[in-house]
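Colleague: Please walk me through this one, feature by feature. I would like the general idea, then the case at hand.

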Amino acid sequence: MSGFNTRTDGAQPVATAKQQFASDNYAGACPEALHWLCEANASGHEPAYGEDRWTQRSTDMLRQLFDIECDVYFVFNGTAANSLALASLCQSYHSVICSPVAHIETDECGGPEFFSNGSKLLVAESQSQAAQLGKLTPEAIDALVTKRSDIHYPRPKVVSITQATEMGTVYSVDEVHAISSMAKTRQLRLHMDGARFANAVAHLGCSPADITWRAGVDVLCFGGTKNGLPVGEAVVFFDHKLSEDFAWRVKQAGQLSSKMRFISAPWVGLLENDVWLHNARHANAMAQRLYTGLQNMAGITTLHPPQANGVFAQLPPAAVQALHTRGWKFYQFIAGGGCRFMCAWDTTTESVDAFLADICTVMGA
Ligand SMILES: *Cc1c(COP(=O)(O)O)cnc(C)c1O
């Protein structure tokens, strides 16, 4: 292999390629985001490095959405957003408490440790039901903090939670409050990986403020890509003290886009008319439809009911193989043959039904 996408068959992607359930970032960008991308382009020359009117506008819209004068930074992807946000909360000898299935632990190639110059991630192992659902609990956090206090152990400084979780579940407002109050007791900061924040808010039906700063979150990485942007995440600081040097961090990490308007303007499309919420509600509804269909099939074990846009189920290996042969793409990463099916902002009911029909066929039902 000589690149990220080495193809040997000369095949080109076609516009009619079928929708997949591998990841919500298989989807393209939504029309509203593209509209503002084109508007930003049509505006001709604009100041660079975030001094443009589009960046100002989307920042203002985020402040309005969160009902607070937060500090907002636009970066290219979620790994950078998380890594840099965590680095801003930690010294190199500190540690970050997270779930064993946290994206920062399993899917960021050591980015948080690298950008913080070595802050260690401490995984909260637990057999609790919450842990099965991909969640941290105040008890698990407390157990890790109180386990050691000597200078040979990296001092816990941050709690990181993922909202919605990697298991497709959503922390309630009360759960976030309970975690932040434990964090406060132990003098820890609270970071929220919101790669699927929109899906979580769509599920909860609460205000974005209620599930973030009013519940004790210090910094949110607000995912735009999986919600319908072509590219880009917003790092939202609710405490100005924490973002003091963040602009320099972003620049040093190679995450400062010179033509920042092309990352920030599409956010106008997501935020205007609550498109972000509509996109998320739709993706969640498609996951619900898929889950309901799977529940009615013999031989398939669905795991917990979806609260966001992911469905988890166990299928016989032969069925998985047969689905792959039929061209369906999805990941299996839960021990014991569990499959993850993600729905996106543009997943159609026809795609869900076609997928269900094929599953039904390969199950021999
Ligand atoms: C997708 C995702 C991210 C961001 O990943 P990038 O590929 O770096 O954009 C972060 N956290 C979670 C939970 C995710 O699912």
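Modeller: Let's start with packing: the buried residues of H7 are packed against strands S2 (94-98), S3 (120-123) and S4 (155-162), and against helix H8 (173-185). Helices (H or I, at least four residues) and strands (E, at least two) are DSSP runs, numbered from the N terminus. This is a predicted model, where local features need pLDDT of at least 70 and side-chain atom pairs pLDDT 80 or more, while totals for chains, interfaces and linings use all residues. Residues are numbered from 1 along each chain as its sequence is written, and side-chain values use heavy atoms, without hydrogens and water.

Colleague: Which residues of helix H7 are buried?

Modeller: Helix H7 spans 138-147, and its buried residues (under 20% relative accessible area, 1.4 Å probe, protein chains only) are Pro138, Ala140, Ile141, Asp142, Leu144 and Val145.

Colleague: How do I read a helix pair?

Modeller: Two packed helices are described by the angle and the distance between their axes. Here, the axes of H11 (261-271) and H12 (275-295) come within 5 Å and cross at roughly 70°. That makes H11 roughly perpendicular to H12 (65 to 115 degrees; axes are lines fitted to C-alpha atoms over the stretch in contact, with angles from 0 to 180 degrees between N-to-C directions).

Colleague: Which residues of H11 and H12 make the contact?

Modeller: Gly269, Leu270 and Leu271 of H11 meet Val275, Trp276 and Asn279 of H12, contact being heavy atoms within 4.5 Å.

Definitions and conventions. Angles under 35 degrees count as roughly parallel, over 145 as roughly antiparallel, 65 to 115 as roughly perpendicular and the rest as oblique. Buried means under 20% relative accessible area, exposed over 50%, partly exposed in between (1.4 Å probe, protein chains only).
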